[in-house]
Amino acid sequence: MKSFFITLITIALFISCGKNKVDLSQIENLNGNKITPMGHAGMGIASQFPINTFESIQSALSLGTGGVEMDIQMTKDSVLVLFHDKTLEEQTDLEGMIYEKNWSEINQAIYKNPPYAEYRILSLDQLFENIKDKKEFIFSLDFKLHESDHPDSYILRHWNALIKILDQHDMSENVFIESRRKPYLEKLQELRPDLKLFFLEEFEKGFDYTKSMGYYGMIMPTTTVTAEQIKEAHAAGLRISLFGLLTKNENLDAIEKSPDFMQTDKVKYLVKVLK
Amino acid sequence: MLPLKKILFFFLLLLALPFALKSQTTTFPKHTIVLDAGGIGGYGSLNYERTFFSKKYFFISYRAGFSFYRFKDFERKINPDLFFPLSLQAGLGYKSHHAILGIGQTISSIVQASDNFNSKMRHNSLSANFILGYRFQKTGKPFSVQLSYTPLFEHYARFRNWGSLSFGYSFFEKNKS
């Protein structure tokens, strides 16, 4: 019986140690053969900090990530704010949609969780104003468009608000723009060809389009792409950013595909592995 | 700032009650260590519960606990968020089954960004709590389990529906003759 348990423990240790080993020398990409770990909406969805809050983002950057992904929406009075969900009540004590309210109202919202804490919604301007050493990091902005229709004037208002903030804080070099909507990206490329645009789509559906538009790269769920496809993207001059990295194994599997950027929910773990 | 008058009043209440209700013959445990999942400590807390009055099917106890969310703040400095749940509970029991009713206060001390996000601050506050629960504990046995509805009135400003599952281990004193 004793030997049975010893064998069992040895196997468990062997498995747990073996899975954490990755050969970083095998990484080949357009990011200097290194993968930049990025926090998904800050510290990821399992963190006690609500996603997209100042505390969550600063925590991820302080841990040693190369940047963070953030969800962006626009208020009625054209202020860009960090918020993921369609309705405010899903996460905060306010009700309604971001685009129905002015910043003065959104500014009062308190995140529901965790109990007793009072984390607040942050504007993009406030983030760049206050985050420490911001020029050392990458901020990947995922524009959430929950409205039903998007006339040209609305798209223009969106991008003008973004451009104003980027210029004001001199952050154009440090920002990636993600969107799954082609007209949005095309308009921004027309306005500011110097910005780094990422088309959010599965590889097979989006590769030809992204390549033809000359964007900076593609972003996609890690399960929808293979190492060979990422190699093909790199050969076409496209960077690849992966998300959907919730578990340790998903992070390890993604590293083996040699992407350029990884937006992880296991922030601490990925930083440690890629060190 | 903490509303000090409220805290002082609550502590005085806890201190005064044992003298007002002199302990009588009891079969209820005197001391219990309780591990809360959820509850008035937030996501969980470790508590000490003392029964200071009991009579036949009825008991009154106070409980003081401790909890924290994390050791490091958002700048990765050691600077934990702290919670001190305090409560006063009354129970009505028959054999192994007890109905619990209680009120409480939780002192919370949380590190977060300042209002304009340009600095770090520790936000201390007091919140009111209520407890309505069912406890199962076999007579004379140390282990107990309690399921409770524990709504929080956070910072005396926001109401939150909340609950807890508690596991207790009791220490009995010999019955007085």
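This is a predicted model: local features need pLDDT of at least 70, side-chain atom pairs count only at pLDDT 80 or more; totals for chains, interfaces and linings use all residues.

Trainee: How many helices and strands does chain A have?

Mentor: Chain A contains ten helices and ten strands. Its C-alpha trace spans about 70 × 50 × 35 Å along the principal axes.

Trainee: Let us turn to helix 5 of chain A. What span should its 18 residues have?

Mentor: Helix 5 covers residues 152-169, and at 1.5 Å a residue it should span 26 Å. Its end C-alpha atoms are 26 Å apart, which agrees.

Trainee: Which residues of helix 5 of chain A are buried?

Mentor: His158(A), Leu162(A) and Leu166(A) are buried there. Viewed down the helix axis, the buried residues of helix 5 of chain A fall within an arc of 60°, so they line one face.

Trainee: Why would residues three or four places apart point the same way?

Mentor: An α-helix has 3.6 residues a turn, so residues at that spacing point the same way.

Trainee: What covers the buried residues of helix 5 of chain A, and what is exposed on the other side?

Mentor: The cover includes strand 2 (67-74), strand 3 (80-82) and strand 6 (175-179) of chain A. On the other side of the helix, Asp152(A), Ser153(A), Asn160(A), Asp167(A) and Gln168(A) are exposed.

Trainee: Where is Ala41(A) found, and what is its phi?

Mentor: Ala41(A) sits in the loop between strand 1 (36-40) and helix 2 (54-63) of chain A. Its phi is positive, about 55°, although Ala41(A) is not a glycine.

Trainee: Is Ala41(A) buried or exposed?

Mentor: Ala41(A) counts as buried because it has 26 C-beta neighbours inside 10 Å, where the cut-off is 20 or more.

Trainee: What about the peptide bond from Asn113(A) to Pro114(A)?

Mentor: That bond is cis, with omega near 0°. Pro114(A) lies in the loop between helix 3 (103-106) and strand 4 (122-123) of chain A.

Trainee: Now the interface. How many residues of each chain are in contact?

Mentor: On chain B, 22 residues are in contact with 18 residues of chain A. Strand 5 (97-113), strand 6 (120-136), strand 8 (152-154) and strand 9 (158-160) of chain B each supply at least two residues of the side that touches chain A. Strand 5 of chain B gives the most, with five residues.

Trainee: How do the residues on that side of chain B divide?

Mentor: They comprise nine nonpolar, seven polar and six charged residues.

Trainee: Finally, what ipTM and pTM does the predictor give the complex?

Mentor: The complex has an ipTM of 0.82 and a pTM of 0.86. Chain B averages a pLDDT of 88, and 82% of its residues score at least 70.

Conventions. Residues are numbered from 1 along each chain as its sequence is written. Chains are lettered from A and ligands numbered from 1 in the order in which they are written. Two residues are in contact if their C-beta atoms, placed from the backbone, lie within 7 Å. Helices (H or I, at least four residues) and strands (E, at least two) are DSSP runs, numbered from the N terminus. Ala, Val, Leu, Ile, Met, Phe, Trp, Tyr, Cys and Pro count as nonpolar, Asp, Glu, Lys and Arg as charged, and the others, Gly among them, as polar. pLDDT is the predictor's confidence in each residue, from 0 to 100. The expected span of a helix is 1.5 Å times one less than its number of residues. A residue is buried if 20 or more other C-beta atoms lie within 10 Å of its own, exposed if 12 or fewer, and partly exposed in between; C-beta atoms are placed from the backbone. The arc is that of the directions from the helix axis to the C-beta atoms.
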